[in-house]
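Thank you for sending this model for comment. My remarks follow as numbered points, arranged by topic.

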Amino acid sequence: MPVTLHMAINRVFHAQKNVTRPGMAKIGLSPGQPKILNHLSRQNHCMQKDIASALDIEPATVSQILNNMVQAGLIRRSNPAERRRAESVSITEKGCEYLEKWQQLCKEIEDVSLQGFTQGEQEQFLDYLYRMYWNLTGKEIE
């Protein structure tokens, strides 16, 4: 029986996660934190609900991750009075340093993952993934 698309995507996801997690732990990051740091590096001073929506994470899960990130010094929450609205979340210098290490790790894993792919194949593969995500969510990948 041939492998289905679902099974192939699932297996690749788990293989990538198994390669990524040890490096993430070495940097000092926990699951969920890298994508929040990445989001805040592009859109700093976000509301918690906006982070949850943009990253397809449940608000309660985002809250827990953010609490841990504040304790680790990776992000800070503004005083609501500073914004005259609700509290916002921003990345700290330490968070930026950790994000840079994370991005380097991802680049190394991506280089290994795409060995043997031409530049055109890499671009086409990414385009397919973008389109699949759009089909499933109606949103673009950030």
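1. How much space lies in the largest pocket? In this predicted model, the largest pocket holds about 2300 Å³ of space. Its lining is made up of 44 residues, and those nearest the centre of the pocket are Phe13, Gln16, Leu126, Leu129 and Ile141.

2. As to which parts of the chain form this lining, two or more residues are given by each of helix H1 (5-27), helix H2 (33-42), helix H3 (48-55), helix H6 (93-113) and helix H7 (119-137). The largest share comes from H1, which supplies 12 residues to the lining of the largest pocket. Sorted by residue class, the lining of the largest pocket comprises 26 nonpolar, 8 polar and 10 charged residues.

3. The aromatic residues deserve a separate remark. A search of the whole structure returns 1 aromatic pair, formed by Phe117 and Phe125, whose ring centres are 6.2 Å apart and whose planes meet at 40 degrees, so the pair is classed as tilted. The angle falls between the limits used here, since planes under 30 degrees apart would count as stacked and those over 60 as edge-to-face. Phe117 is partly exposed, at 35% relative accessibility, and Phe125 is likewise partly exposed, with a relative accessible area of 39%.

4. Which cysteine sulfur is closest to that of Cys96, and how far away is it? The closest is in Cys46, at 13 Å, which is too far for a bond, because a disulfide requires two cysteine sulfur atoms within 2.5 Å. For Cys106 the closest cysteine sulfur is that of Cys96, and at 16 Å this too is too far for a bond. The count of disulfides by this rule is 0. In terms of accessibility, Cys96 is partly exposed at 37%, and Cys106 is partly exposed at 28%.

5. Finally, a word on the loop between H6 and H7, where Thr118 is found. Thr118 has a relative accessible area of 45% and is therefore partly exposed, as the term exposed is kept for values over 50%. Thr118 and Glu108 are separated by 10 residues in sequence, while their C-alpha atoms lie 17 Å apart in space.

Note on methods
Residues numbered from 1 in each chain as written. Predicted model: local features only at pLDDT ≥ 70, side-chain atom pairs only at ≥ 80, totals over all residues. Heavy atoms only, no water. Phe/Tyr/Trp six-rings, centres within 6.5 Å; stacked < 30°, edge-to-face > 60°. Buried < 20%, exposed > 50% of the residue type's maximum accessible area, 1.4 Å probe, protein only. 1 Å grid on protein atoms, 1.4 Å probe; cavity = no way out; pocket = protein on both sides within 12 Å on 5 of 7 lines; lining within 4 Å. Points joined across faces, edges and corners; volume = space filled by probe spheres on them. Helix = DSSP H or I, 4+ residues; strand = E, 2+ residues; numbered from the N terminus. Nonpolar A, V, L, I, M, F, W, Y, C, P; charged D, E, K, R; others polar.
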